[in-house]
Amino acid sequence: MTTPSTNWDYAPAPESTKVEIKTQYGLFIDGAFREPRSGRSIETINPATESSLSRIAEADAADVNLAVVAARKALKNWRRVPALERAKYMYRIARRIQERARELAVLETMDNGKPIRESRDEDVPQAAAHFFHHAGWCDKLRWACPTSNGSAPEPIGVCGQIIPWNFPLMMAAWKIAPALACGNTVVLKPAETTSLTALRLAEILQEIDLPPGVVNIITGAGETGRELIAHGDVDKIAFTGSTDVGRAIASTVAGTKKRLTLELGGKSPNIIFADAAIDQAVEGIVSSIWANQGQVCCAGSRLLVEESVAEEVIEKLRLRMRSLRVGDPLDKNTDVGAINSRAQLDRIESFIKLGVAEGAQRHDVSDVALPSKGFWCKPCFFTEVQPAHTIAREEIFGPVLAVMTFRTPDEAVARANNTMYGLSAGIWTSRGSKAYEVARQIKAGVIWCNTFNQFDPAAPFGGYRESGFGREGGRSGLSAYCA
Amino acid sequence: MTERSEITKTWKLFIGGAFPRSESGRVAPVKDLTDRSGGKALAYAAQASRKDLRDAVEAARAAQEKWAASSGYLRGQIIYRLAELLDGRREELIEAVRMSGRVGKSKARTEVEVAIDRTLSFAGWCDKLDSVVGGRNAVAGPFHCFSQIEATGVVAVFAPEEFPLIGFLTLALPAIACGCSVIAMPSSVEPIPALIVAECAPSADIPPGVLNVLTGLREELVPVVAAHRDVDAVVASVEPEMAKILQLGVAENLKRVRLVDPQAKFLEDLAWSSPSAFQAVTEVKTVWHTVGL
């Protein structure tokens, strides 16, 4: 069999980049943008070009306090706003996100490095959908989260929310929408490398006349986050990020009355049985580990293939990997964009080196020309991986897949559960009964059968074990915001 | 005729379906708190060591998967059977609750009767939690998507010092009903009602290891539970300083913690047997499956 050529040349198809970005952004507190008390700012760059996009404010303890005070003040009225009126604000947010979708998608891609195809088709529509879905919950809480006297549940209060850089706008929506639906007020801190779409969301909140202080968006790095978590007048902390930071947050919150939900890391298994539709499974592998450059907490970073089809799957995967287009994230044909930061690229590269050093066999697309500037990592996978290898145990958060094999369903389940994480899993088989039985046995919060990386505001998402606790989305996600 | 002297019982631990003494050999008196002079030992109870706790976690882990895989209908029947057995020892339970010196006979009777009725309520939850809390998710794509409710795993329970029967059952039974296995630490001042529950467990066909009961010193056992990486969740009605130690244990292995006010009144409130009783001891699992020809 000759290997078909995959050197197809595409004409460049760049998305228009006419997005106005200010040279400097303040903090969004009490309905207005204001200069930080700290007087400090952080440069934010386009990871695909390393050119500067803007400077964002770095909130210090005094700034965090102002935001919390504003949220506390706003809570008094916001929690008493009639449910359907609250809903109307949220429907308007959803509408404005839809109307400004192109601008938001381009900005997201410039700030984050992800392919425009993903920000346009996934991140931004999901953000709008989250507000739209949760708007509809506002007047139904008494049935969704019943109290023993039949009244509507009370909000928890002021929620401090800290979100990561991999899905910046979408994560902001995941956090803010359920909080508002239940009558809480919010202080949100986006990641310091990807704050621009959250600040654009703040503009939308101004446009739709959301009452001042109901949502405050403060930018900054780890220190800003720590100030928010430690603030004495915050009632709930919701965090999405690494397991290590999640542990530190849990320690800080211990001994206080603060509620806590954590959505942390993963090392999720993707299991391919011999009776699966192999071509579809290979597409599933692509979206499970190479979408968003693998910078996904629920990425299917451990591929478990039934031994009898391992050779076929690996060969098809190798071929498919060669057709991935790596490069300019603003090009509509791009499949794999830039890594979000130099620090993350260094981390991914150190894992790849470890993988080779520990004896696994690396497969990558060797003949891809990468741009001279920016943070790039070619998609790759490893075979000859032992379960004890670092790349089979630790979250890499990059386009790096560890391939292992199994012989029986029991072995597949045992290997899948051989991790301290438990965020997601993929199962590929043409037998429904097998899919559901394996799904039952796997300790993970989200299981995709014959698909991967599907999200929906109606579907609860969150982890078992060291992938955190609490759910986002659906009825379960709401209960995390009701007292 | 000489007066018959009482047999002073030494209550043992309940681990893996057996009733061992503490490996440490320690026992402590259980006092009759209605006795104003204060000193009379009603009985003795084993004082669990950290080794006993680790053994109990092992027994709980070994039993958990099979228990969770059994049908809700079966678990419901077993917990119903427990209620039957407790009802059979009702007078003994009332006397044990009264000995705590906190309540008179009639309040003790109420506590026991409400506790047994609440046991029935949890029996009924076993095959209904999924319907009430889980269900189909109406996602915008060609997928069958549903969320099912699963057991978190191995759960440590610190029952309140007061309400020695109903506090114990209210915190331990939700975990058992949904398929967790439990290591329960009863009231340290009045452990006997909980130890009676332990004695009923094997006859109710609660599988060995699903319920383990350890009497002992809270200040010894709390830090061991907090640091134990194979304890998946903690349900505790303890004083703030111990609550903080348990919360710090979250950093160890992301264990789930449900704290219940130690001053709580465990009687007559529907919330005690509402879905909120299953916080920390259940996980929501969302399953997606493609739909298409």
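Me: Which residue stands opposite A:V446?
Reply: B:T286, in β11(B), stands opposite A:V446. This is a predicted model, where local features need pLDDT of at least 70, side-chain atom pairs count only at pLDDT 80 or more, and totals for chains, interfaces and linings use all residues. Residues are numbered from 1 along each chain as its sequence is written, chains are lettered from A and ligands numbered from 1 in the order in which they are written, and side-chain values use heavy atoms, with hydrogens and water left out.

Me: In which sense do β17 of chain A and β11(B) pair, and over how many bridges?
Reply: Parallel, over four bridges. Strand β17 covers residues 446–449 of chain A. Two strands pair if DSSP finds at least two bridges between them. Strands (E, at least two residues) and helices (H or I, at least four) are DSSP runs, numbered from the N terminus.

Me: How many residues does the contact take from each chain?
Reply: Chain B gives 36 and chain A gives 42. Contact means heavy atoms within 4.5 Å.

Me: And what area is buried between them?
Reply: About 3,000 Å², with 55% of it from carbon and sulfur atoms. Buried area is the accessible area (1.4 Å probe) that two parts lose on being put together, summed over both.

Me: How many salt bridges cross the interface of chain B and chain A?
Reply: The rule finds three. One of them joins the side chains of A:K443 and B:E65, at 3.4 Å, N to O. The rule wants a side-chain nitrogen of Lys or Arg within 4 Å of a carboxyl oxygen of Asp or Glu.

Me: Which elements give two or more residues to chain B's side?
Reply: They are α1 (50–69), β5 (143–151), α9 (240–248), α10 (250–253) and β11 (282–290) of chain B. β11(B) gives the most, with eight residues.

Me: New topic. Where is A:F397?
Reply: A:F397 is in the loop between α13 (390–393) and β15 (400–406) of chain A. Its phi is positive, about 60 degrees, although A:F397 is not a glycine. Most residues other than glycine have a negative phi.

Me: What about B:D205, where does that lie?
Reply: In the loop between α7 (192–200) and β8 (211–213) of chain B. B:D205 also has a positive phi, about 70 degrees, and is not a glycine.

Me: Is B:D205 buried or exposed?
Reply: Exposed, because its relative accessibility is 56%. A:F397 counts as buried, at 16%. Buried means under 20% relative accessible area, exposed over 50%, partly exposed in between (1.4 Å probe, protein chains only).
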